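Here is a short tour for anyone who likes to see how chains meet and fold. Please keep the viewer open as you read.

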Amino acid sequence: MEKSKWPPGDLVIWIFIMAELLVFGIFFAAYAFTRANHVELFNTYQATLDRNAALINTLALITSSYFVVRAVAAIKMDDSRKCFQWLLAALFMGLVFLLVKGIEYQHHFSQGISLSTNTFYMFYLSMTFFHFLHVILGMVILIAVALKARAGGYSARQHDGVETGASYWHMVDLVWMVLFPLVYVMN
Amino acid sequence: MKYQSQKVAKLYFIAAIGLFVGQILFGLIMGMQYVVGDFLFPEIPFNVARMVHTNLLIVWLLFGFMGASYYLVPEEAETELFAPWLAHLMFWVFLAAGAATILAYLLVPYAALAELTMNDLLPTMGREFLEQPTITKIGIVIVVLAFLFNIGMTILKGRKTVVNLVLLMGLTGLAVFFLFAFYNPTNLVMDKYYWWWVVHLWVEGVWELILGSILAFILIKTTGVDREVIEKWLYIIIAMTLITGIVGMGHHYYWIGAPEFWQWWGSIFSALEPIPFFMMTVYAFNMVNKRRRNHPNKAAVLWALGTAVMAFLGAGVWGFLHTLAPVNYYTHGTQITAAHGHMAFYGAYVMIVLGMISYSMPLMRGRELCNSARSQSLEMWSFWLMTISMVFITLFLTAAGILQVYLQRFSDNPMDFMVVQDKIALFYWLREITGVIFLIGLIVYIASFFIGQDEPEATVEPLK
Amino acid sequence: MAIKDKYLIRPCTWIFLLLMGLTVVTWFIGVNQFSGLQISLMALGIALLKGQLIGDYFMGLRQVSGFWRWAVAIWLLLIGSLIGYAFYMSAQS
């Protein structure tokens, strides 16, 4: 297959993706190095997290990403309707993520846990909530793309917008792949 | 200039430049007081000079933003201004209120001014940058609301471009955050907490949207690059600005008694605040390189590129220097802050206003595209004089700051504040001399509006 | 079939299933409270592999040449070494 010099979608979104990855990267490193000074504390409170919820959420994001891949393939075959449907399915999985994460937060807050409880929760809440906001932003982008796809705004020849939204959504997925083991599993 | 009503911007720009001169004069007075403590005492005490210096800066930048908006919005919306008479009226209200307030600072003791303006009815005075009497603050709210209404209605009835919408977003944020000037909780932590929302959420948040949209307008006009390309950049720049700027503002919360997590949030997010500024630099140079035409107004292009670079250096790099909590623990409130403040305000906001003036003023004064080659060359001289002296002011203040941090807070035998001030006096002298060069640059700038006006417009070779 | 291959649906489906499987492995480590440096580094390694697969297949960077081909890989390598080093360091003390 012919190799392209540029990644799929608008180059500007890729610059944005790199900036976002930098933000998350700094958060991850800060978490890891702070943990090194408070190993006991981090291990203790990490044990209170709900790993089953995290599993569901990880699977939801991967599935969602896969659906977006199918949506891009559909529009490349000039099938706007299929593209729209795959995007809808992806959005549904995004909703599942928000719901499960929301229940987790609900549980923490009902126990009176906040950013000031301890350093572990400060990181856990900050990082996951920052990611949570990215899921919302990604969904807003996907909704915009889906609506345009339904209106027939994309075609096999012109579908930059779909690829742009898809790239951003994969980034949200990518970040969670590291966030999940780092915060929920590694100790 | 396509619409008659754009011309109202001229008034605003003239006032802005006038107040700019005042700001620099008081800066020089204050700079002198750093080294000759009783200079002009008791007529102009240091605290009054400082108040006038900072207040004039903010007020003239507001005049500049308003002028820029009145020029830019009708052209983008492709319609006349909604109510030109309102823009005229508000200009005189704002100017009169501003002048009266500055005169009152100079003529009446501050406490007497508070009493005179019945501050105790709704106490808002006495906080840094927000020293204005309550009645002036109410006046500012009225002027800004009338301005927003005028601009908003113009956008509503005309073409809705990304540039206009981003600008409107920035201006609305400006108005909303100013309202916190009226909120004075008695709890000192809360009081400080919301104080940062006024000027600092401006400069680290919504003003960057204003900067971005004005810069986009100048680039669209002078480079002929497709609007779509420039708009895309504008989108990610404002997204990055809002993500990093609003939370990054937490770097002011380290030591005021706010919860500890702000040390993390503030450090991480504010460390990334240079990113949108860096993107702006890359994009400005990219657009100029990809230009479809050579615009004869070289001075305006120079200001546009200059603001992109200097904003990144002043706001981005110099901000980063002391933004991490462990560093800020030592540098908080030293001359490092002053160094950053000077270059950031000049690079991001002074230069963009001057750039907009540079682009639009010749057109409002009846030129087709630009000033004569002679005026432009003078203007470019003033660009370099002011910009280079600002770089040196920043470097001298940074050197003073590093020494101050070391002698006063870091060394094994820390010294008193005033003893340290004496020891770093050399840098204050150097700063004052550079300040005089800045003033000369400003005089050259003003001269460029008069010299070479009777000569024909500059021309350029068309792009091959 | 030929058309499907052109848009890489088949390989992406396999990658999707692989990602799901790897996620279950990580979850299994977590839910059983397995701990220690080796286990942590393994979970980290799985995460980096998953990230690389997402970059290569879902984001389509395998079809790109030059800087962008490696953009995600470089990021993963960077954070991977930082996180790995921090965990290694804390296990030593």
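## Where chain B meets chain A

In this predicted model, 14 residues of chain B are in contact with 14 residues of chain A. On the chain B side, the elements that give two or more residues are helix 8 (227-248), helix 9 (261-271) and helix 10 (274-289) of chain B. Helix 8 of chain B provides the largest share, five residues. By class, the side of chain B that touches chain A holds twelve nonpolar and two charged residues, with no polar ones.

## Where chain A meets chain C

Turn next to the other pairing: 44 residues of chain A are in contact with 44 residues of chain C. Helix 1 (11-37), helix 3 (51-76) and helix 6 (160-185) of chain A each contribute at least two residues to the side of chain A that touches chain C. That side divides into 30 nonpolar, seven polar and seven charged residues.

## A helix check in chain A

Helix 5 of chain A (residues 119-150) has 32 residues, so at 1.5 Å a residue it should span 46 Å. Its end C-alpha atoms are 46 Å apart, which agrees. Just after helix 5 of chain A, G152(A) adopts a positive phi of about 75°.

## The fold of chain B

Chain B is built with 16 helices and zero strands. Its radius of gyration is 22 Å, close to the 23 Å that the globule rule gives for 464 residues, so chain B is as compact as a globular protein of that length. Along its principal axes, the C-alpha trace of chain B spans about 65 × 50 × 45 Å.

Of the 464 residues in chain B, 51% are buried. Among the contacts in chain B with a separation of 6 or more, 82% join residues 24 or more positions apart.

Note on methods
Residues numbered from 1 in each chain as written. Chains lettered and ligands numbered in written order. Predicted model: local features only at pLDDT ≥ 70, side-chain atom pairs only at ≥ 80, totals over all residues. Contact = placed C-beta atoms within 7 Å. Helix = DSSP H or I, 4+ residues; strand = E, 2+ residues; numbered from the N terminus. Nonpolar A, V, L, I, M, F, W, Y, C, P; charged D, E, K, R; others polar. Expected span 1.5 Å × (residues − 1). Rg over C-alpha atoms; globule rule 2.2 N^0.38 Å. Buried ≥ 20, exposed ≤ 12 C-beta atoms within 10 Å, placed from the backbone.
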